[in-house]
Amino acid sequence: MKLDVRKLKVLTSIVEIYIDTGEPVSSKMLAQKLDFRVSPATIRNDMAALFEMGLLEQPHTSAGRVPSHLGYRIYVDQLMHCKPLTDEERREIDALFNVRDPDPDRLLEDAAQALAEYTNCATISTTITPKTVRVKHIEVVPAGARTVVVLVIASNGVIKNKVCRVDFKLTPEVLEFVSNFANGRLAGRPVSEISQWYINSVSVTLGEYSQLFIPILATIYELCREINDGQFYTSGGVNLLGYKEFSDIARDLLLTMENREQLLGVIASKEDAVFITIGKENSQSELADTSVVVTKYKIGAQNSGAIGVIGPVRMDYAKLIPHLEYFSQTLGKLLAETFEQDV
């Protein structure tokens, strides 16, 4: 799709005016914003040409034009100039993470909430468990006459625990046997490989005692699955109710914000450090009138999670992207420091 310099400037101006005002853009408004002199007729012709190309749309109740989803895509990919963060904006984001001795199990949830309040949009935050993460150690700790707490410690510093009830009397000898058996069969294996089938095959080697220890092995499996699935949080769904373009689809959006599988499909679809899906590009039909901006954060050298913003298609991408990048970098650094202390 070939556009001359003037049409590109016209499209840029229409997108930026609409992002700023939320109102359809008229040729008169454009004439006031453009930094070169052309006749109103020329501007109207350019707008008509952009409309024919599918880059602009005309609301039924207005003589003005608004960007189409394709128009936004060209703007984001070719025309947008991101606005560098000011020192004050960096300090504002740093202040969101101004916590002492942060709990890694709460940090990601708190980050989603802070970002939702900061952007006035809905947010998603999740960890990505690399295939290289392994079971580091398993502990079986007595908590009662027939109750134990099972702990699984992963090589990336994540610790999961769960209470498990058994049908036999717990003695120091039995606990030592169970711990040694579990570590001997599972420690060092990637958590992604601890499947139900593998747990069943491990239990078979216990022979006549397999039925006794199945509850503990099943608990270990559940904890490994939780580690592999990672953490997942959403926040700010109600913020979307404040945008007039969502008034007819508010219920569907709120239901989508509660669907982990749908949202994971949206934010884990690409490996890019930053990626944007605009309107109908979203794989979920419920998000066809939204834009999703996602950044990946690193702990150390590898991608360890993603944090994303869901908002109106007319969001201020040039401002949001640098803010989201700095936010995710700060989150990754804080998580890295926290896990380093815990491991």
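**Cavities and helix contacts**

Analyst: Here it is; bear in mind that this is a predicted model. Let's start with the second largest cavity, which holds about 30 Å³ of space.

User: OK, which residues line the second largest cavity?

Analyst: The lining is made of I93, L115, Y118, T119, L320, H323, L324 and F327. Two elements give two or more residues to it: α6 (104-119) and α12 (317-342).

User: And which element gives the most to that lining?

Analyst: That's α12, with four residues.

User: How does the lining of the second largest cavity divide into nonpolar, polar and charged?

Analyst: Six residues are nonpolar, two are polar and none are charged.

User: Backing up a bit, how many cavities of 30 Å³ or more does the structure hold?

Analyst: Two. The largest cavity has about 40 Å³ of space in it.

User: What lines the largest cavity?

Analyst: F177, V178, F181, L206, F213 and L217 do. Here the elements giving two or more residues are α7 and α9 (210-229). α7 gives the most, with three residues.

User: What about residue classes in the lining of the largest cavity?

Analyst: There are six nonpolar residues, with no polar and no charged ones.

User: Let's move to packing. What angle do α7 and α8 pack at?

Analyst: Helix α7 (residues 172-186) packs against helix α8 (residues 196-204) at about 130 degrees, and their axes are 11 Å apart. With that angle, α7 is oblique to α8.

User: Is that a left-handed or a right-handed crossing?

Analyst: α7 passes α8 in a right-handed crossing. On the α7 side the contact uses F181, R185 and L186, and on the α8 side Y198, I199 and V202. By class, that contact has five nonpolar residues, no polar ones and one charged.

User: Good. How do the axes of α8 and α9 cross?

Analyst: They come within 10 Å and cross at roughly 150 degrees. Angles over 145 count as roughly antiparallel, so α8 is roughly antiparallel to α9. The crossing of these two is right-handed.

User: Which residues in α8 and α9 meet?

Analyst: From α8 it's Q196, I199 and S203, and from α9 it's S210, I214, L217 and Y221. The classes there are four nonpolar, three polar and no charged. You've seen two of those names already: I199 is in the α7 contact with α8, and L217 is in the lining of the largest cavity.

User: Which residues in α1 and α4 meet?

Analyst: α1 brings L8, L11, T12, V15, E16, Y18 and I19, while α4 brings G71, Y72, I74, Y75 and L79. Those residues divide into nine nonpolar, two polar and one charged.

User: One last thing: why quote both an angle and a distance each time?

Analyst: Because a packed pair of helices is described by the angle between the axes and the distance between the axes.

How values were computed: Residues are numbered from 1 along each chain as its sequence is written. This is a predicted model: local features need pLDDT of at least 70, side-chain atom pairs count only at pLDDT 80 or more; totals for chains, interfaces and linings use all residues. Side-chain values use heavy atoms; hydrogens and water are left out. Contact means heavy atoms within 4.5 Å. Ala, Val, Leu, Ile, Met, Phe, Trp, Tyr, Cys and Pro count as nonpolar, Asp, Glu, Lys and Arg as charged, and the others, Gly among them, as polar. Axes are lines fitted to C-alpha atoms, for helices over the stretch in contact, and angles run from 0 to 180 degrees between N-to-C directions. Angles under 35 degrees count as roughly parallel, over 145 as roughly antiparallel, 65 to 115 as roughly perpendicular and the rest as oblique. A crossing is left-handed if the near helix is turned anticlockwise from the far one by less than a right angle, and right-handed if clockwise. On a 1 Å grid over the protein atoms alone, a cavity is a set of points where a 1.4 Å probe fits but cannot get out, and a pocket is an open set with protein on both sides within 12 Å along at least five of seven lines; lining residues have an atom within 4 Å of a point. Grid points are joined across faces, edges and corners, and a volume is the space filled by probe spheres set on the points.
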